[in-house]
Amino acid sequence: MLSSNDVLLELVRVQKSFLDGETSSGARRTILGGIDLEVHAGALMAIVGASGAGKSTLLSVMSGLDVVFDGEVRLNGRAIKAMSDDERARLRNEAFGFVFQSFHLLEHLTVAQNVALPLWLVKRSAKSSKRATDDETDRIREVLDRVGLGDVSPSASVRRLSGGERQRVAMARAIVHRPHILFADEPTGNLDDATSALVISVLDDLRRRGSAPSDRGTHGDGGTHGDRGKHADRSKDADRGALGDGGMHGDRGALGDGGMHGDRGAPGEHSVRCAVVVATHDPRLARRCDRVLRLEKGRLEEVAGDALRDALAD
Ligand SMILES: Nc1ncnc2c1ncn2[C@@H]1O[C@H](COP(=O)(O)OP(=O)(O)O)[C@@H](O)[C@H]1O
Ligand SMILES: [Mg+2]
């Protein structure tokens, strides 16, 4: 059973409108018309709706990219709008991961450098070099494995990769810093069937096992556990920074290892409970989600039962 502790992110009467570009009257068009929503740890949630309905706008608001709205968005009880710009930037870098339809990889960097970007952003204020530490190298390998890129050389240029491989690099980058919430905007939008299926299974796996490293992975015991201390320290610092004391790791114990998250790979220090929120048109992805919400005319409605089957018909 979910307790209120499980609410990672909460939207309260969120409203947003844009000047209507189609009229010259200066009228505003409501895109988000008072949205209430809770995102729980372990959720895999789909926002569906016609093109232009406001799905990307909603993700921007949920993830603190856009703070020009009425109402409240709270992360672990803290209002995102009340944070300073720095705090919010840190929050995005540390607590959130992002995957976009168009990858946003840096072309002049290697696979490993692209994946490592969030790690470098997190420690940018520490005068650390841009060379990956052993820890980071392990972690990069671990996430590349997890997205099915174990065979691609981390030192390869991303220029040489196919579209499907690029999206997998983007997924690896989105989870390397072990975010609490992954936002994915049309993550299967440009992909062939096989790559879409892989992206979907990575998202599903993330929700089930969190963004922690895998015990099943090839780097299991030797790699990831050996340097547990350092990872734990970093993630504690991250909590203090972005999430405040008693942040999201604090209530990890509440569900324990045996409960509904018992199938998650590595409990304990490494376990970071994760929610995944996707905006998608893809019925294959929406079908794998445990909640599907349709955004239409500024309202968000749970779609279930027959309506869900109809909405998700290919
Ligand atoms: N910065 C903006 N200024 C004005 N209108 C915008 C802006 N961003 C988005 N819109 C409008 O808001 C609506 C929702 O856009 P979007 O969130 O991208 O929809 P979706 O992701 O569902 O396709 C669209 O009509 C779009 O043109
Ligand atoms: Mg969009």
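**Around the ligand**

Q: Which residues are around ligand 1?
A: This is a predicted model, and the residues around ligand 1 in it are F18, I31, G49, S51, G52, A53, G54, K55, S56 and T57.

Q: Which helix gives the largest share of that shell?
A: Helix α1, residues 55–62, with three residues.

Q: And how does the shell divide into nonpolar, polar and charged?
A: Three residues are nonpolar, six are polar and one is charged.

Q: What span should helix α5 have?
A: At 1.5 Å a residue, its 13 residues (163–175) should span 18 Å, and the end C-alpha atoms are 19 Å apart, which agrees.

Q: Which residues touch the most other members of the largest nonpolar core?
A: V115, A172, I181, L182, V276 and V277, out of 71 residues in that core. The largest share of this core, six residues, comes from α5.

Q: What is I181 in contact with?
A: Leaving aside neighbours within four places in sequence, I181 contacts L8, L9, V39, A95, F96, C274, A275 and V277.

Q: Last one: where is G71 found?
A: In strand β4, residues 70–75. G71 is partly exposed, with 16 other C-beta atoms within 10 Å. Not counting residues up to four places away in sequence, G71 touches L11, V12, R13, V14 and Q15.

Note on methods
Residues are numbered from 1 along each chain as its sequence is written. Chains are lettered from A and ligands numbered from 1 in the order in which they are written. This is a predicted model: local features need pLDDT of at least 70, side-chain atom pairs count only at pLDDT 80 or more; totals for chains, interfaces and linings use all residues. A residue is near a molecule or strand if its C-beta atom, placed from the backbone, lies within 6 Å of it. Helices (H or I, at least four residues) and strands (E, at least two) are DSSP runs, numbered from the N terminus. Ala, Val, Leu, Ile, Met, Phe, Trp, Tyr, Cys and Pro count as nonpolar, Asp, Glu, Lys and Arg as charged, and the others, Gly among them, as polar. The expected span of a helix is 1.5 Å times one less than its number of residues. A nonpolar core is a set of buried Ala, Val, Leu, Ile, Met, Phe, Trp, Tyr and Cys residues joined through C-beta atoms within 7 Å. A residue is buried if 20 or more other C-beta atoms lie within 10 Å of its own, exposed if 12 or fewer, and partly exposed in between; C-beta atoms are placed from the backbone. Two residues are in contact if their C-beta atoms, placed from the backbone, lie within 7 Å.
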